[in-house]
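User: I would like a close look at a single part of this model. Please keep it brisk and give the cut-offs as you go.

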Amino acid sequence: MGAESPVAVMMKRTVDMVAALLAVLKAGAAYVPLDPEYPKERLRLMVEDSGAGLILTEAEFEPALDGLSAPLVSTDRNWAELARFDGGDPRSRVSRENLAYVIYTSGSTGRPKGVAIEHRSGVNFVRWAVEEFTAEALSAVLASTSICFDLSVFEIFAPLSCGGQVLMAEDALQLGSLPAKEEVRLINTVPAAAAALLRLGAVPGVEAKSGG
């Protein structure tokens, strides 16, 4: 894969998904997030429109991706093959102007459109977060937003950039059942979800931010 080569990513919300995003960026490629909840036709449109030359996924999602134009690499099924690659730290030659990721609009008013984000925009977003929030708040951030939305960039990369933890959840309302819920220090979610968490008493003394 060359610089700015689009690589689609559709995986469960685990540390493997975060590792896949970091790997794509480190390689100089650009990730195209796919949500497992999307219908197959939307997935097809996103893969074909972005020109993705590869899809990083997991075996359970292969049926939903079967027949798409890009080849699949399932990180669990193909792990033995992947493990043979050099595990070193390759030098990245990515520049600030290079493409980092492509996020698609909802398509509620027509055909979904890809929004191409360069590295400099992502870096500025993360830098803002590090300056805006305290080190304590970023020490353990709840990551509950689909990677198909910009907020996920904040939830994942802001804490990682300053040595914090990323605590993965399927959605914000899962916080109360997370084994590590007491470690969470920052939740950034929509007002309705924040209100529901407060009603449930599931906010363990964190800094809560809500957005529209």
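Which residues does threonine 57 touch, not counting residues up to four places away in sequence?

Analyst: Threonine 57 touches Met10, Met11, Leu65, Leu72, Val73, Ser74 and Thr75, with residues up to four places away in sequence left out. Contact here means heavy atoms within 4.5 Å.

Some ground rules come before the detail. This is a predicted model, in which local features need pLDDT of at least 70, side-chain atom pairs count only at pLDDT 80 or more, and totals for chains, interfaces and linings use all residues. Residues are numbered from 1 along each chain as its sequence is written, and side-chain values use heavy atoms, with hydrogens and water left out.

Start with the setting of threonine 57. It lies in strand S3, residues 54-57. Helices (H or I, at least four residues) and strands (E, at least two) are DSSP runs, numbered from the N terminus. Threonine 57 counts as buried because its relative accessibility is 0%. Buried means under 20% relative accessible area, exposed means over 50%, and partly exposed is in between (1.4 Å probe, protein chains only).

One of the contacts of threonine 57 is Thr75. The C-alpha atoms of threonine 57 and threonine 75 are separated by 6.2 Å, and the two residues are 18 apart along the chain. Threonine 75 is found in the loop between strand S4 (72-74) and helix H4 (79-82). With a relative accessible area of 18%, threonine 75 is buried.

Now the whole protein. It has 7 helices and 10 strands. Of its 212 residues, 44% count as buried. A compact globule with 212 residues would have a radius of gyration near 17 Å, and the protein has 17 Å, so the two agree. That radius is taken over C-alpha atoms, and the globule rule is 2.2 Å times the number of residues to the power 0.38. Along the principal axes, the C-alpha atoms fill a box of roughly 45 × 40 × 35 Å. Among contacts with a separation of 6 or more, residues 24 or more positions apart account for 56%.

The domain assignment, which is automatic or from a database, gives domain 1 (1-121) and domain 2 (133-205). The centres of domain 1 and domain 2, taken over C-alpha atoms, are 23 Å apart. Across the pair, 16 residues of domain 1 are in contact with 15 residues of domain 2.

Glutamate 118 is found in strand S6, residues 114-118. It is partly exposed, with a relative accessible area of 25%. Leaving aside neighbours within four places in sequence, glutamate 118 is in contact with Arg96, Glu97, Asn98, Leu99 and Ala100.

Aspartate 150 lies in the loop between strand S7 (140-143) and helix H6 (151-161). Aspartate 150 counts as partly exposed, at 38% relative accessibility. Beyond neighbours within four places in sequence, its contacts are Tyr101, Ile103 and Phe125. The C-alpha atoms of aspartate 150 and phenylalanine 125 are separated by 9.7 Å.

Valine 166 lies in strand S8, residues 165-168. Not counting residues up to four places away in sequence, valine 166 touches Val141, Ala143, Glu155, Ile156, Pro159 and Leu160. The C-alpha atoms of valine 166 and alanine 140, 26 residues apart along the chain, are separated by 5.9 Å.
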